[in-house]
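Here is a short briefing for a first look. Keep the structure in view while reading.

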Amino acid sequence: MIRQILTLAAYVALEALRTRFFAVIVILLFISFGLAAFLGQVAIIETQAIQSSLLAAFLRLGAVYVISLFVITSMVHEFHDHSIYLLLSLPIQRSTYFVGKFSGFALVAFITATLFGAALLIYVPYQQVGLWTLSLLCELLIVTALSLWCVLTFHHAIQASSVVLGFYILARSIDAIQLMAQGPLNNSQSSLDQFVNTLIKLLAMLLPNLERFTQSEWLVYHTGNLSNLIEIVLQTVIYVILLVTMSLFDLYRKNL
């Protein structure tokens, strides 16, 4: 079983090389360095802080985008060329297949987070960069698990990408949405306002609080610490287990 998982994970890493996934990563790094150099020329004060925060934001969004796109297109391609049917016709359990694919995508996410974190060492001390990199990896693992679940559910790239994008934006902005709704909706007696307020609270309980992940504040003010990381890792473990369980349930009930 372990050998099968490792083989599937290696196949995913090989696919990343063949599809020139890492060439995209290198291009993103070049663009981010160019952007940082431009900001260094136009910023009047706190140049390094501006460079590191905008570079981190660009790299974080870039990493989430390319990882989710790679996971979704890779799995959709397997459905379209029927290679998933061939693999599942072999003496291999569906859980082994899924764990192998997830491990491969997690390996690609790890390499991406490491490369992007290393780019920040120019501007920020290694302790805060290490924290930011681990947090980015946790964020990418949640996105990877979510992308896999979406592909197994919808089988189409557009639907899966849309759900991942919506989930990510909502999870990133749920704190701000709660803050905006606090005043007017709490004081309102309208049933519609109360419904919206309840819905926002429910979403805040269900979604991971991605705003606490990969904070630019750690890089600018060096405020990141171990307690931040523990909270992030706990959230990641909970949501990855939940999404993997949902994906396995979906995979086993399908007639493949």
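Where does UniProt place the feature "transmembrane region"? The unreviewed entry puts this feature at residues 21-45, 57-77, 98-123, 129-151, 163-181 and 232-252. The model itself is predicted.

**Two of the annotated stretches**
- Residues 57-77 are 100% helix and 0% strand. The end C-alpha atoms of this stretch lie 30 Å apart.
- Residues 163-181 are also 100% helix, with 0% strand. Here the end C-alpha atoms are 24 Å apart.

**Helices α1 and α5**
- Helix α1 covers residues 2-18, and helix α5 covers residues 94-119.
- The two pack at an angle of about 45°, and their axes are 7 Å apart.
- Angles under 35 degrees count as roughly parallel and 65 to 115 as roughly perpendicular, so α1 and α5 are oblique to each other.
- The crossing of α1 and α5 is right-handed.
- On the α1 side, the contact is made by Q4, I5, L8, A9, Y11, V12, A13 and A16.
- On the α5 side, T96, Y97, V99, G100, K101, S103, G104, F105, L107 and V108 take part.
- By class, this contact between α1 and α5 has 12 nonpolar, five polar and one charged residues.

**Glycine G34**
- G34 sits in helix α2, which spans residues 21-42.
- Its relative accessible area is 40%, so G34 is partly exposed.
- G34 and L55 are 21 residues apart along the chain. Their C-alpha atoms are separated by 9.8 Å.

Technical notes
Residues are numbered from 1 along each chain as its sequence is written. This is a predicted model: local features need pLDDT of at least 70, side-chain atom pairs count only at pLDDT 80 or more; totals for chains, interfaces and linings use all residues. Side-chain values use heavy atoms; hydrogens and water are left out. Helices (H or I, at least four residues) and strands (E, at least two) are DSSP runs, numbered from the N terminus. Buried means under 20% relative accessible area, exposed over 50%, partly exposed in between (1.4 Å probe, protein chains only). UniProt positions are given in the numbering used here, feature names are shortened, and annotations may be inferred rather than shown by experiment. Axes are lines fitted to C-alpha atoms, for helices over the stretch in contact, and angles run from 0 to 180 degrees between N-to-C directions. Angles under 35 degrees count as roughly parallel, over 145 as roughly antiparallel, 65 to 115 as roughly perpendicular and the rest as oblique. A crossing is left-handed if the near helix is turned anticlockwise from the far one by less than a right angle, and right-handed if clockwise. Contact means heavy atoms within 4.5 Å. Ala, Val, Leu, Ile, Met, Phe, Trp, Tyr, Cys and Pro count as nonpolar, Asp, Glu, Lys and Arg as charged, and the others, Gly among them, as polar.
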